[in-house]
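Work through the following exercises with the sequence and the model side by side.

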Amino acid sequence: MVYIFFQFVYLERNNYYYENHTIKTEDGYILLTVRIPYGKNASSNMAIGPPVLFMHCILCTFYDFLNAGPERAIGFEILEQGYDVWLLNIRGNTYSRKHVTLDPDLNPSGFWNFRKL
């Protein structure tokens with residue numbers, strides 16, 4: 001998927017180190033979380049600052065905290081202040097369409113039923 005690929009190429013092209021982590025919820029949804037532990041002028045052998053978790057609203061993704069670019073986006077601004085930035089994707093968005101047993105395309109009524117929370 002080109003859209004997904006572009007988000008990570010953007011980080012790499014701008015010299016930001018990032019990590020992808022997955023979180024499995026109690027009800028089986030698999031969520032992609034992106035961690036950017038330090039700014040582009042820092043290195044991995046420097047102390048990492050306190051963590052900050054960004055959680056987007058419905059119909060958005062982690063990238064909404066970065067898409068204004070390194071000079072204007074809040075995700076980059078917090079990162080360059082020395083924080084350990086974590087960007088969580090909610091279930092069902094472009095980056096979190098996985099489940100241990102359900103497929104959103106083959107079983108949409110089961111996958112999109114969040115009432116069992």
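Two rings of Phe, Tyr or Trp (for Trp, its six-membered ring) count as a pair if their centres lie within 6.5 Å, and the pair is called stacked when the planes are under 30 degrees apart, edge-to-face when they are over 60, and tilted for the rest. The model is predicted, and local features need pLDDT of at least 70, side-chain atom pairs count only at pLDDT 80 or more, and totals for chains, interfaces and linings use all residues. Residues are numbered from 1 along each chain as its sequence is written, and side-chain values use heavy atoms, with hydrogens and water left out.

**Exercise 1. Aromatic pairs**

Determine how many aromatic pairs the whole structure contains, and state which residues ring pairs link into a cluster.

Solution. Tyr29, Phe111 and Trp112 are linked into a cluster by ring pairs.

**Exercise 2. Two pairs across the chain**

Classify the pair of tyrosine 16 and phenylalanine 76 by its geometry, and then do likewise for phenylalanine 62 and tyrosine 95.

Solution, step one. The ring centres of tyrosine 16 and phenylalanine 76 are 4.7 Å apart and the planes stand at 40 degrees, so this pair is tilted. Helices (H or I, at least four residues) and strands (E, at least two) are DSSP runs, numbered from the N terminus. Because tyrosine 16 lies in the loop between α1 (2-13) and β1 (19-24), while phenylalanine 76 belongs to helix α2 (residues 74-80), the pair ties together parts that are 60 residues apart in sequence. Relative accessible area (1.4 Å probe, protein chains only) defines a residue as buried under 20%, exposed over 50% and partly exposed in between. Tyrosine 16 counts as buried at 4% relative accessibility, and phenylalanine 76 counts as buried at 0%.

Step two. Phenylalanine 62 and tyrosine 95 form an edge-to-face pair, with 5.0 Å from centre to centre and 70 degrees between the planes. This pair links distant parts of the chain, 33 residues apart, with phenylalanine 62 in the loop between β3 (51-55) and α2 and tyrosine 95 in the loop between β4 (84-88) and β5 (98-99). Phenylalanine 62 is buried, its relative accessible area being 0%, and tyrosine 95 is buried at 8%.

**Exercise 3. Salt bridges**

Step two. Glutamate 19 forms one of them with arginine 35, the closest N and O atoms being 3.2 Å apart. Glutamate 19 is in strand β1 and arginine 35 in strand β2 (residues 29-36), 16 residues apart. Glutamate 19 is buried, with a relative accessible area of 18%, and arginine 35 is buried, with 14%.

Step three. Arginine 35 also meets aspartate 84 in a salt bridge, at 2.9 Å from N to O. Since arginine 35 lies in strand β2 and aspartate 84 in strand β4, the pair ties together parts that are 49 residues apart in sequence.

Step four. A salt bridge also forms between aspartate 105 and arginine 97, whose closest N and O atoms are 2.9 Å apart. Aspartate 105 counts as exposed at 60% relative accessibility, whereas arginine 97 counts as partly exposed at 32%.

Terms used. Salt bridge = Lys/Arg side-chain N within 4 Å of Asp/Glu carboxyl O.
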